[in-house]
Amino acid sequence: MSMTDLLVLFTALGAATVGGVFFAFSSFVMRALAQLPAAQGVAAMQRINVVVINPWFMGAFMCTLLLSIACVVVACLLWSAPRSAWLLAAGLLYAVGTFGVTMVFNVPRNDRLARLDAASAEAAVYWPVYVREWIFWNHVRTAAGLASAVCAILVWTR
């Protein structure tokens with residue numbers, strides 16, 4: 001197995017893993033939190049946003065970012081190779097669609113939520129807005145992560 005094969009394999013695994021975590025949030029975690037009274041939903045999400053910063057998730061999230069950047073570089077260096085477009089797509093989908101969307105859209109909402117007192121009127125007003133907007137952007141990064149994994153798999157099959 002070549003270094004490029006290993007790069008593709010680990011990128012596919014990482015993107016699928018992260019995309020799967022985001023899928024879980026989109027499909028049931030956020031829906032469950034949204035059904036709680038605002039103070040409870042806010043408090044739970046504030047806690048999740050602290051606990052998610054751990055070596056397991058952040059390792060998968062950030063290592064896959066590094067792998068996706070490597071995919072972009074390798075695709076550009078080997079552009080004449082028949083599957084370089086799939087490799088480039090895998091790298092860009094993860095780097096921009098998963099990591100970039102997280103940093104630009106989800107993290108700022110998490111930061112704003114973190115500054116609120118969960119029991120406050122301000123939190124109660126912001127909570128439904130947060131849920132709606134956060135879920136939208138989470139759908140985007142879920143799709144991007146899973147599409148990245150598919151593109152990486154297509155490097156092998158095309």
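In which hand does H3 pass H4? H3 passes H4 in a left-handed crossing. The legends below take up this pair and other close-up views of a predicted model.

Figure 1. The chain has five helices and zero strands. Read from the N terminus, its elements follow the order α-α-α-α-α. The C-alpha trace spans about 60 × 25 × 20 Å along its principal axes.

**Figure 2. Helices H3 and H4 pack with their axes 8 Å apart.** The angle between H3 and H4 is about 145°, and the crossing is left-handed. On the H3 side, the residues that meet H4 are Ala60, Phe61, Met62, Thr64, Leu65, Ser68, Cys71, Val72, Val74, Ala75 and Cys76. On the H4 side, they are Ser84, Leu87, Leu88, Gly91, Leu92, Tyr94, Ala95, Thr98, Phe99, Thr102 and Met103. By class, this contact of H3 with H4 holds 16 nonpolar and six polar residues, and no charged ones.

**Figure 3. Helix H1 (residues 3-34) crosses helix H3 (residues 55-77).** The axes of the two helices come within 9 Å and cross at roughly 135°. This angle makes H1 oblique to H3. H1 passes H3 in a left-handed crossing. H1 contributes Thr4, Leu7, Phe10, Thr11, Gly14, Ala15, Val18, Val21 and Phe22 to the contact. From H3 come Phe57, Ala60, Phe61, Thr64, Leu67, Ser68, Ala70, Cys71 and Val74. The contact of H1 with H3 has 13 nonpolar residues, five polar residues and no charged residues.

**Figure 4. Helices H1 and H5 pack with their axes 8 Å apart.** The angle between H1 and H5 is about 155°. Angles over 145 degrees count as roughly antiparallel, and H1 and H5 are therefore roughly antiparallel to each other. The crossing of H1 and H5 is left-handed. Their contact consists, by class, of 22 nonpolar, nine polar and two charged residues.

**Figure 5. The largest pocket holds about 370 Å³ of space.** This pocket is lined by 22 residues, of which Asn49, Val52, Ile53, Val107 and Asn110 are the closest to its centre. Two or more lining residues come from each of H1, helix H2 (38-51), H3, helix H4 (84-114) and helix H5 (121-157). H4 gives the most to the lining, with seven residues. Sorted by class, the lining of the largest pocket has 15 nonpolar, five polar and two charged residues.

**Figure 6. The second largest pocket has a volume of about 190 Å³.** Among the residues that line this pocket are Ser2, Thr4 and Asp5. Val74, Leu78, Ala81, Pro82, Arg83, Ser84 and Leu87 also line the second largest pocket, as do Val155 and Trp156. H1, H4 and H5 each supply at least two residues of this lining. By class, the lining of the second largest pocket divides into seven nonpolar, three polar and two charged residues.

Note on methods: Residues are numbered from 1 along each chain as its sequence is written. This is a predicted model: local features need pLDDT of at least 70, side-chain atom pairs count only at pLDDT 80 or more; totals for chains, interfaces and linings use all residues. Side-chain values use heavy atoms; hydrogens and water are left out. Axes are lines fitted to C-alpha atoms, for helices over the stretch in contact, and angles run from 0 to 180 degrees between N-to-C directions. Helices (H or I, at least four residues) and strands (E, at least two) are DSSP runs, numbered from the N terminus. Angles under 35 degrees count as roughly parallel, over 145 as roughly antiparallel, 65 to 115 as roughly perpendicular and the rest as oblique. A crossing is left-handed if the near helix is turned anticlockwise from the far one by less than a right angle, and right-handed if clockwise. Contact means heavy atoms within 4.5 Å. Ala, Val, Leu, Ile, Met, Phe, Trp, Tyr, Cys and Pro count as nonpolar, Asp, Glu, Lys and Arg as charged, and the others, Gly among them, as polar. On a 1 Å grid over the protein atoms alone, a cavity is a set of points where a 1.4 Å probe fits but cannot get out, and a pocket is an open set with protein on both sides within 12 Å along at least five of seven lines; lining residues have an atom within 4 Å of a point. Grid points are joined across faces, edges and corners, and a volume is the space filled by probe spheres set on the points.
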